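Here is a short report on one protein chain. Keep the sequence and the 3D view open as you read.

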Amino acid sequence: MSVIEMILLSVALAMDCFTVSVVNGVLIRRMAWAVMARTAFLFGLFQALMPLLGWVLTSRAARYIEAYDHWVAFGLLAYLGIGMLREADRPMEEHDFDPRYLKTQLTQAVATSIDALAVGISMAVMGYERMEQMILPLFVIGIGSLLLSVTGFLLGINFGTNIRRRLQPERVGGIILIGIGLRILVSHLLEN
């Protein structure tokens with residue numbers, strides 16, 4: 001895989017992180033550097049670790065994991081999305097869903113990186129046989145996700161006030177997360 005292909009793969013995998021980060025920025029509405037850094041770090045870390053996990057598991061268990069990874073991604077994203085939709089109907093002072101919570105950030109990081117597991121499986125099939133071969137692609141994937149997450153956060157924060165006045169970002173975010181989950185599920189089902 002060339003460096004250009006690695007960058008394109010990184011951008012493709014990071015689109016979910018970018019979208020979720022925009023929603024997080026809209027919800028937070030102000031510069032929260034620690035929250036943004038931790039979320040972006042977790043997104044980058046999980047986007048890099050999942051292909052590694054997929055690559056490691058390409059032994060006998062690979063076909064079993066590949067058979068249901070899309071359901072796991074859909075389930076996690078739907079869970080988050082439904083939670084956000086419920087939050088939209090509650091008064092603001094009663095909200096539990098908060099992108100500043102570590103639990104929320106971890107759930108988002110896992111949910112947005114499940115599809116990267118399949119990338120690791122396919123990398124093993126493409127001939128990546130040694131760990132040394134995996135270092136550069138994993139680094140590029142992780143950095144790409146981190147950078148796009150920060151970009152998404154900044155866009156959400158800077159343009160979020162206008163968006164927040166017009167609509168409830170929790171409702172939009174919930175619909176987006178469920179949509180991402182459905183996209184992952186449907187694209188996988190259509191491939192088979």
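In which helix is Gly-44 found? The answer is helix α2, which covers residues 33-56. Keep in mind that this is a predicted model.

## The chain as a whole

The protein chain has six helices and zero strands. Read along the sequence, the pattern is α-α-α-α-α-α. Of its 192 residues, 46% count as buried.

Now look at the contacts. Take those in the protein chain with a separation of 6 or more: 90% of them join residues 24 or more positions apart. The accessible surface of the chain comes to about 9900 Å². Carbon and sulfur atoms account for 68% of that surface.

Is Gly-44 buried or exposed? Its relative accessibility is 5%. Buried means under 20%, so Gly-44 counts as buried.

Which residues does Gly-44 contact, once neighbours within four places in sequence are left aside? They are Gly-142, Ser-145 and Leu-146. Take Ser-145 as an example. Gly-44 and Ser-145 are 101 residues apart in sequence. In space, their C-alpha atoms are 4.8 Å apart.

Helix α4 runs over residues 102-125 and contains Ser-113. Gln-105 also has its place in helix α4. Ser-113 is buried, with a relative accessible area of 0%. Gln-105 counts as buried too, at 0% relative accessibility.

What do they touch? Leave aside neighbours within four places in sequence. Ser-113 is then in contact with Phe-46, Gln-47 and Met-50. On the same terms, Gln-105 touches Val-35, Arg-38, Thr-39, Leu-42, Phe-43, Pro-99 and Arg-100. Phe-43 is 62 residues from Gln-105 in sequence. The C-alpha atoms of Gln-105 and Phe-43 are 8.3 Å apart.

Helix α1 spans residues 3-28, so it has 26 residues. From its first C-alpha to its last it reaches 35 Å. That is close to the 38 Å expected at 1.5 Å a residue.

Where is the kink in α1 centred? It is centred on Ala-14, and the angle is about 40°. Arg-29 follows α1. The phi of Arg-29 is positive, near 70°.

## A nonpolar patch on the surface

Val-3, Ile-4, Ile-7, Leu-8, Val-11, Met-15, Leu-136, Phe-139, Ile-143 and Leu-147 form a nonpolar patch on the surface. Together they have about 920 Å² of accessible area. Two elements give two or more residues to this patch: α1 and α5 (131-166). Helix α1 gives the most, with six residues.

Leu-147 lies in helix α5. Leu-8 lies in helix α1. At 56% relative accessibility, Leu-8 counts as exposed, because exposed means over 50%. Leu-8 and Val-140 are 132 residues apart along the chain, and their C-alpha atoms are separated by 9.7 Å.

## Two salt bridges

How many salt bridges does the structure hold? It holds two. One joins Arg-183 and Asp-16, with the closest N and O atoms 2.9 Å apart. This pair links distant parts of the chain. Arg-183 is in helix α6 (residues 169-191), Asp-16 is in helix α1, and the two are 167 residues apart. Arg-183 is partly exposed, at 44%, whereas Asp-16 is buried, at 5%.

In the other salt bridge, the side chains of Glu-132 and Arg-130 meet, at 3.2 Å from N to O.

Technical notes. Residues are numbered from 1 along each chain as its sequence is written. This is a predicted model: local features need pLDDT of at least 70, side-chain atom pairs count only at pLDDT 80 or more; totals for chains, interfaces and linings use all residues. Side-chain values use heavy atoms; hydrogens and water are left out. Helices (H or I, at least four residues) and strands (E, at least two) are DSSP runs, numbered from the N terminus. Buried means under 20% relative accessible area, exposed over 50%, partly exposed in between (1.4 Å probe, protein chains only). Contact means heavy atoms within 4.5 Å. The expected span of a helix is 1.5 Å times one less than its number of residues. The bend at a residue is the angle between axes fitted to the seven residues ending there and the seven starting there. Patches are made of residues with over 30% relative accessible area and no salt bridge: like charges are joined within 9 Å, nonpolar side chains (Val, Leu, Ile, Met, Phe, Trp, Tyr) within 5 Å. Accessible areas come from the Shrake-Rupley method with a 1.4 Å probe; for residues, only the protein chains shown count as cover. A salt bridge is a side-chain nitrogen of Lys or Arg within 4 Å of a carboxyl oxygen of Asp or Glu.
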